[in-house]
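Please read them with the structure open.

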Number of protein chains: 2
Amino acid sequence: MSIPEEPDALAAFKHAFRRHAAGVVVITAVTPDGKQVGFTATSLASLAAVPPLATFNMARVASAWPAIESTDYVAIHTMGVRTRNLAERMSGSHDLRFDGDHWFVGPHGLPILKGVTSWMIGRIVERFPVAGNAVIVVQIEEGAVGDPDDALIYHERTYLKPGDQV
Amino acid sequence: MSIPEEPDALAAFKHAFRRHAAGVVVITAVTPDGKQVGFTATSLASLAAVPPLATFNMARVASAWPAIESTDYVAIHTMGVRTRNLAERMSGSHDLRFDGDHWFVGPHGLPILKGVTSWMIGRIVERFPVAGNAVIVVQIEEGAVGDPDDALIYHERTYLKPGDQV
């Protein structure tokens, strides 16, 4: 009998989320001293339509946490296949995330990424701490839709486009 | 100039979530008097791996809310393409959701759906109220993986399978 590499709970969690597909978003914000921050996430979820509320999750050790902790607004971008490289950039080296002309300054000074399928501005209404993490609740206040593009999906550690209807 | 049918905030929210794809899960629980409840959701999100935490969202007027409000455990099933009809059934008529032999009694008396790509048992550790809704945080304690199957994706009001890598 071998010693399991990880406890059952963690194995169950990992196996289930490997089987789960998720849409890709990029969330951006501005630090109190005016620096742009952003990160790629697969945790965006609708909470309610009236009022329009959504949630996303993050670790409170994440580089963007000090901004999210202190700001009132974030921009949430739904990513399409044409912005796949941008999704990858926003999960890579921090120094390169806003180095270029792939964004512009939008409402509340928030960086808005170009070429996305849509963006929306969320006012942070709750930051629920859970262990070293946080569930962020935003109320959507405005937004815009981009050109049509296939939704970008993350599954089994790769980026995919949607397939056939089933 | 015409009067807009909906406020800008709601339009922005709807347009963005129409562009967003999501993985499909079914969440089941048991009421205090032993009745099975369950519903299809697209809001499952990972919160942390250590400890293994996940979130899902629901309205507090949902039929399953009295069970979720009072129970300690839920079962979360990741759905594959072969269980597409089961995902649809679990969002349809309440009387039919557990009428059949498509489930068995698992840990904590929870109904476990057959044929899913994985299931995990979550202990409810937080129920955060937000307006008429709730963000539920679960800590995963155990689970199992099913046979391989394409992940079931919900996008633009239809069920899809994953497409090509991009």
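1. **The sheet of chain B.** This is a predicted model. In chain B, seven strands make an open sheet, and their order is E3-E2-E6-E9-E10-E5-E4. The pairing is antiparallel. Which strands sit at the edges? They are E3 and E4 of chain B, each of which pairs on one side only. From one strand to the next, the twist averages 35 degrees.

2. E2(B), residues 25-30, pairs with E3(B) in the antiparallel sense. Six bridges hold this pairing. The hairpin of E2(B) and E3(B) has five residues between the strands. Gly34(B), in that hairpin, takes a positive phi near 90 degrees. E3(B) covers residues 36-41, and five of its six residues are buried.

3. **E6 of chain B.** How many residues of E6(B) are buried? Five of the six, so this strand, residues 73-78, is largely enclosed by the rest of the structure. The cut-off for buried is 20 or more other C-beta atoms within 10 Å. E6(B) pairs with E2(B) over four bridges, in the antiparallel sense. Val25(B) has Thr78(B) as its bridge partner there. E6(B) also pairs with E9(B), again in the antiparallel sense, over six bridges. In that pairing, Val74(B) has Gly122(B) of E9(B) as its bridge partner.

4. **E5 and E10 of chain B.** These two strands run antiparallel and are joined by seven bridges. For a point to check on screen, take Phe56(B): it stands opposite Ile136(B) in E10(B). In a regular strand, side chains alternate between the two faces of the sheet.

5. **A helix from the other chain.** What lies across E4, E6, E9 and E10 of chain B? It is helix H1 of chain A, residues 8-19. This helix runs at about 105 degrees to E10(B). E6(B), E9(B), E10(B) and E4(B) are members of the seven-stranded sheet, so please view the sheet and H1(A) together.

6. **The contact between the chains.** Chain B gives 56 residues to the contact, and chain A gives 57. On the chain B side, the elements that give two or more residues include H1 (8-19), E4 (45-48), E5 (53-59), E9 (118-130) and E10 (133-145). E1 (22-23), E11 (153-155) and E12 (158-165) of chain B are also among them. H1(B) gives the largest share of this side, nine residues. By class, the chain B side has 32 nonpolar, 16 polar and eight charged residues.

7. E12 of chain A, residues 158-165, pairs with E12(B) in the antiparallel sense. Three bridges make up this pairing. Which residue of E12(B) is the bridge partner of Leu160(A)? The partner is Gln165(B).

8. **The cis prolines.** In chain A, the peptide bond from Val50(A) to Pro51(A) is cis, with omega near -5 degrees. Pro51(A) lies in the loop between E4 (45-48) and E5 (53-59) of chain A. In chain B, the bond from Val50(B) to Pro51(B) is cis, with omega near -5 degrees. Pro51(B) is in the loop between E4 and E5 of chain B.

9. Ala131(A) has phi near 50 degrees, a positive value in a residue other than glycine. Ala131(A) sits in the loop between E9 (118-130) and E10 (133-145) of chain A. Is Ala131(A) buried or partly exposed? Ala131(A) is partly exposed, because 15 other C-beta atoms lie within 10 Å. Glu156(B) also has a positive phi, near 50 degrees. Glu156(B) is in the loop between E11 and E12 of chain B. With 13 C-beta neighbours inside 10 Å, Glu156(B) counts as partly exposed.

10. **Chain A overall.** Chain A has three helices and twelve strands. Its radius of gyration is 17 Å, close to the 15 Å of the globule rule for 166 residues, so chain A is as compact as a globular protein of that length. The C-alpha trace spans about 60 × 40 × 40 Å along its principal axes. Of the 166 residues of chain A, 48% count as buried. Among contacts between residues at least 6 apart in sequence, 65% join residues at least 24 apart.

How values were computed
Residues are numbered from 1 along each chain as its sequence is written. Chains are lettered from A and ligands numbered from 1 in the order in which they are written. This is a predicted model: local features need pLDDT of at least 70, side-chain atom pairs count only at pLDDT 80 or more; totals for chains, interfaces and linings use all residues. The radius of gyration is taken over C-alpha atoms; the globule rule is 2.2 Å times the number of residues to the power 0.38. A residue is buried if 20 or more other C-beta atoms lie within 10 Å of its own, exposed if 12 or fewer, and partly exposed in between; C-beta atoms are placed from the backbone. Two residues are in contact if their C-beta atoms, placed from the backbone, lie within 7 Å. Ala, Val, Leu, Ile, Met, Phe, Trp, Tyr, Cys and Pro count as nonpolar, Asp, Glu, Lys and Arg as charged, and the others, Gly among them, as polar. Two strands pair if DSSP finds at least two bridges between them. Axes are lines fitted to C-alpha atoms, for helices over the stretch in contact, and angles run from 0 to 180 degrees between N-to-C directions.
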